[in-house]
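Please keep the sequence and the structure in view while reading.

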Amino acid sequence: MVVIRLARGGAKKRPFYSIVAADSRFASTGRFIERIGFYDPKAPAGRESFRVNGGRLAHWKGKGAKLSPTVARLVKSRAKPESPAQ
């Protein structure tokens with residue numbers, strides 16, 4: 001099963017996470033299918049700390065991928081509100 005989850009990178013005490021689509025059988029920092037965004041919890045003020053490619057996220061969800069609880073929380077809290085269609 002494909003899971004969209006965080007893959008940790010960065011230095012000691014300076015985490016940086018890639019949001020990846022990966023097979024659930026592989027290690028969380030191991031092999032993945034596609035990188036679709038990033039999350040930097042320690043980004044300084046004024047710098048982007050979260051980005052996700054919404055089109056690729058929708059593509060993988062359409063193919064049956066599950067979001068990890070952390071990614072689901074991040075996407076929900078940082079989602080830009082859509083403007084109402086006229």
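The model is predicted, with local features needing pLDDT of at least 70 and side-chain atom pairs counting only at pLDDT 80 or more, while totals for chains, interfaces and linings use all residues. Residues are numbered from 1 along each chain as its sequence is written, and side-chain values use heavy atoms, leaving out hydrogens and water. The protein chain has an average pLDDT (the predictor's confidence in each residue, from 0 to 100) of 90, and 92% of the residues score at least 70.

Strand 2 covers residues 14-23, and because seven of its ten residues are buried, this strand is largely enclosed by the rest of the structure. Here, strands are DSSP runs of E with at least two residues, numbered from the N terminus; buried means under 20% relative accessible area, with a 1.4 Å probe and protein chains only; and two strands pair if DSSP finds at least two bridges between them.

| Strands | Sense | Bridges |
|---|---|---|
| Strand 1 (residues 2-11) and strand 2 | antiparallel | ten bridges |
| Strand 2 and strand 3 (residues 34-39) | antiparallel | five bridges |

Strand 1 and strand 2 form a hairpin with two residues between them, and Lys-13 in the turn has a positive phi of about 60°. Arg-5 has Val-20 of strand 2 as its bridge partner, whereas Ala-21 has Glu-34 of strand 3 as its bridge partner.

Ser-18 lies in strand 2 and is buried, with a relative accessible area of 16%.

Notes
Buried means under 20% relative accessible area, exposed over 50%, partly exposed in between (1.4 Å probe, protein chains only). Helices (H or I, at least four residues) and strands (E, at least two) are DSSP runs, numbered from the N terminus.
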